[in-house]
Every structure is written in structure tokens, then in C-alpha cells.
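Me: I am new to this structure. Can you walk me through how to read it, feature by feature?

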Amino acid sequence: MKLPSSRRPTDIWHRFQDDFDQLTRAMGDRWPSIFDEEGEMSGHQWRPSVDVMEEDDHFLVKADIPGVDPKDIEVTLDNGCLVIRGERKWEKEEKKEGYMRTECSHGTFYRRFNLPETADPENISAKGKDGVLTLTIGKREVSKPKRINIQ
């Protein structure tokens with residue numbers, strides 16, 4: 001018996017993941033602090049949205065980081081681990097008739113991605129334009145398994 005697509009276990013799992021991601025984004029700065037890469041408690045308050053794409057000869061990583069000065073962003077690549085961290089500084093509050101409105105997240109951010117071994121750490125560039133950080137990571141040839149005949 002074939003289950004309807006909305007009842008397949010993998011679909012339910014993906015829906016759970018999407019719902020959980022929405023919940024954590026909605027919690028914003030009310031969400032408990034998370035651990036940083038050294039295992040220390042951290043006060044990261046927001047996570048920039050990131051797209052990771054693979055092209056024939058390179059990888060592209062695009063992070064939406066509007067309002068962040070490039071000097072406040074650090075990008076590192078070590079042992080196949082790409083780290084983007086920085087800070088969006090608090091600029092101003094809008095106060096009118098006894099209320100305050102703040103919709104943009106502020107504070108530090110940290111994103112970490114494990115790249116495949118085909119990523120070339122010697123061929124990476126970063127560019128910021130219109131609030132989008134674009135990282136281009138070249139690919140390198142990796143050794144392919146060689147079959148050895150037994151005699």
C-alpha cells in the first residue's frame with residue numbers, strides 16, 4: 001500500500017525540521033544562548049540566511065547580511081570548515097507615542113559549514129554588495145580510488 005505523499009516518514013521529518021526552524025527564528029533573542037565553536041556559551045542573537053550552491057568549477061556561498069560593515073565580518077576556512085562570523089551593531093530605536101519598534105536583529109552572528117574535500121582553500125574570494133556577502137570557493141581535483149588487481 002502506497003502512502004499519500006503527505007504521510008511519508010521523510011515528508012513528516014522535513015515538515016518537522018521546517019516547523020522547528022520557524023519556531024527558533026520566531027523566538028529571536030528570547031531563545032536561550034547557544035554554544036559557540038569552542039563550546040563556550042555565546043550570546044549570538046541572529047543567524048543570517050545563507051544559500052550554498054555547487055557549480056561545475058566552484059562553490060558559491062551567499063549570506064544575507066544587510067546593514068553590516070564588511071570590517072565587522074570575519075571569514076575563515078580551516079580543514080574544510082568555513083566560518084562566517086561578525087556583528088550587526090545597534091544603530092537606533094524608533095520611539096513614537098510611548099512605544100518602541102525594533103524589527104531587525106542585532107548582535108553577533110556565527111555560521112559554520114563543512115565543505116567537501118573538493119573545495120580548494122587556496123582559491124577563495126569574498127565580495128560584499130547590497131547587503132549580500134558572496135564567497136566563491138574554487139574546486140580542486142582529488143585523487144580517485146584506484147583498483148588494484150590481485151594476482
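Reply: Start with one residue. This is a predicted model. Thr108 has a relative accessibility of 29%, so it counts as partly exposed. The cut-offs put buried under 20% and exposed over 50%.

Me: Which strand holds Thr108?

Reply: Thr108 is found in strand S9. Look also at Trp46, which is 62 residues away from Thr108 along the chain. The C-alpha atoms of the two are separated by 7.0 Å.

Me: How do I read a sheet, and in what order do the strands of this one stand?

Reply: The general idea comes first. Strands of a sheet pair through backbone hydrogen bonds, in a parallel or an antiparallel way. Here, 3 strands make an open sheet, in the order S5-S6-S9. Their pairing is antiparallel.

Me: Which strands stand at the edges?

Reply: Strand S5 (73-78) and strand S9 (107-114) do. Each has a single partner strand, so one side of each has no neighbour in the sheet. On average, neighbouring strands of this sheet are turned by 10 degrees against each other, direction ignored.

Me: How many bridges join S5 to S6?

Reply: There are 6 bridges between S5 and S6, and the two run antiparallel. Find Val75: it stands opposite Ile84 in S6. Now look at the hairpin of S5 and S6. It has 2 residues between the strands. Asn79 takes a positive phi there, near 50 degrees.

Me: And over how many bridges do S6 and S9 pair?

Reply: Strand S6 (residues 81-88) pairs with S9 over 8 bridges, in the antiparallel sense. Arg85 stands opposite Tyr110 in S9.

Me: What does His58 touch, not counting residues up to four places away in sequence?

Reply: His58 touches Met53, Thr136, Ile137, Gly138 and Lys139 on that count. There is also a polar contact of 2.6 Å between the side chains of His58 and Asp57.

Me: Which ring does Lys139 lie over?

Reply: Lys139 lies over the face of Phe59, at 5.1 Å from the ring centre.

Me: Last one: how many aromatic pairs does the structure hold?

Reply: The count of aromatic pairs is 0.

Technical notes. Residues numbered from 1 in each chain as written. Predicted model: local features only at pLDDT ≥ 70, side-chain atom pairs only at ≥ 80, totals over all residues. Heavy atoms only, no water. Phe/Tyr/Trp six-rings, centres within 6.5 Å; stacked < 30°, edge-to-face > 60°. Lys NZ or Arg CZ within 6 Å of the ring centre and 35° of its normal. Pairing = 2+ DSSP bridges. Helix = DSSP H or I, 4+ residues; strand = E, 2+ residues; numbered from the N terminus. Axes fitted to C-alpha atoms, helices over the stretch in contact; angles between N-to-C directions. Polar contact = N/O pair within 3.5 Å; in protein donor to acceptor, adjacent residues only side chain to side chain. Contact = heavy atoms within 4.5 Å. Buried < 20%, exposed > 50% of the residue type's maximum accessible area, 1.4 Å probe, protein only.
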